[in-house]
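Keep the 3D view open as you read.

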Amino acid sequence: MMNLSRSALFPVLALVACATPPTAPISPDPQYLYLWTASEDETQPDFLAVLDVTENESRYGRLVTTLPVPGRHNTPHHTEHEMPADGQLFANGFGSGQTFVFDLTNPAQPRIAGQFGDVEGFTHPHSFLRLPNGNVLATFQMRHEADSMTAGGLVELTPTGSAVRSRSANYPGADPGLRVYSGAIVPAYDRIVTTTTDMHKDFPPSRNLQIWRLSDLSLLRTFPLPDGPLGDEGLLTAEPRLLDSFPRKAKTSCAIPVVAGRYYLVTVPAWSAVVSLDISDPSTPREVSRVTLRDVDVPHWIAIAPDQRRVVVTGYEGMKHRVVIARFDPTTGQLAIDERFREEGATEPGVRMDNKTWPHGGTAKGVPHGAVFSRPPVTAR
């Protein structure tokens, strides 16, 4: 979820807009796509689905297995945005406040390595960022304070989910709608930037950003984003990887970006599209490509494969039960729908999650949200 305001996090964007790495050859190794999926039938478990996306194989896009998680109505939401090197993937169930740690070191046979809810009084984790030391920095929306909930904060966790340290985002006179959402880590400046979006919508939207010191998690500054011509560009400051503004659709302003070398890829719900921007000059981004989906599709989540050749897209409305992949050229920034990623006999690309008998049992419609590609296997030297 994000609102693409123009300038407040320009230094963060400038730091990640580095040179494009050399194009990697297509790997012959098995490749997988993990879909953190809600069961539309709330009597059935939510689950992690594993799809085979090995290049140049006839099984491309086929379901490999599913792993159900404990409880019901977890509301699968965000995972980490890329597969961590240790294969321990954090995924939040925002409805229940539970986080699951999936062990994906055996890529085709996932298992649950851990699970946690509230940590040191903080509740409802949302986003997970890998720290330089390999630990996980989790943003928590809220914190228990006496008989009320206040602003959440940051918790550093080990890869198994154990707390290392935590800090509150609250301060005297804080906006009551201050709910920590996501963040960006800037190791070179010893800083973290976090955003605020109230997932429960209990308060008017906040426009605040917060700056923290990475080394000790000290909260350094809280400040509001200014508005632009529309008067509301500073609201819903959800994902701190932002550039110029795009239009918003009435039912949602949610979008997820990724940075791939000198290109910034972002879902644009109002256009039912994924857009590629050249950010060689971060102050003047330039659109170089756009892939448009169906009019009924509202793209939301994207994640890029390790070789930067493919981008997975999930979303809302027409995409509620459907996943698509876009091909991406990291040298030119061009995007195109992956026509091969489709089910046998399908008339359109993409894989549906509402027409399956699941390996773990049942036929409940699946609602995928967070999605991430596997990492290539480590070759022994």
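## Overall picture

Keep in mind that this is a predicted model. Of the contacts between residues at least 6 apart in sequence, 54% join residues at least 24 apart. As for secondary structure, you'll find one helix and 25 strands.

The chain has 381 residues, and 54% of them count as buried. The protein exposes about 15,600 Å², with 53% of that supplied by carbon and sulfur atoms.

In soluble globular proteins, nonpolar side chains tend to be buried together. Here, the largest nonpolar core has 37 residues, and Leu33 and Phe341 are the ones that touch the most other members. Strand E22 (residues 322-328) gives this core its largest share, five residues. Another core lies apart from it, with 14 residues that include Leu67, Val69, Ala91 and Val372.

What is Leu33 in contact with, leaving aside its neighbours within four places in sequence? The list runs through Ala49, Val50, Leu51, Val53, Val312, Val323, Ile325, Phe341, Val372 and Phe373.

## A four-stranded sheet

Now for an open sheet of four strands: the order is E3-E2-E1-E25, and the pairing is antiparallel. Strand E3 (62-68) and strand E25 (366-373) sit at the edges, each pairing on one side only. On average, neighbouring strands in this sheet are turned by 25° against each other, ignoring direction.

Strand E1 (residues 32-39) pairs with E25 in the antiparallel sense over six bridges.

Conventions. Residues numbered from 1 in each chain as written. Predicted model: local features only at pLDDT ≥ 70, side-chain atom pairs only at ≥ 80, totals over all residues. Heavy atoms only, no water. Helix = DSSP H or I, 4+ residues; strand = E, 2+ residues; numbered from the N terminus. Buried < 20%, exposed > 50% of the residue type's maximum accessible area, 1.4 Å probe, protein only. Contact = heavy atoms within 4.5 Å. Areas by Shrake-Rupley, 256 points an atom, 1.4 Å probe, with all protein chains shown as cover. Core = buried A, V, L, I, M, F, W, Y, C linked by side-chain atoms within 4.5 Å. Pairing = 2+ DSSP bridges. Axes fitted to C-alpha atoms, helices over the stretch in contact; angles between N-to-C directions.
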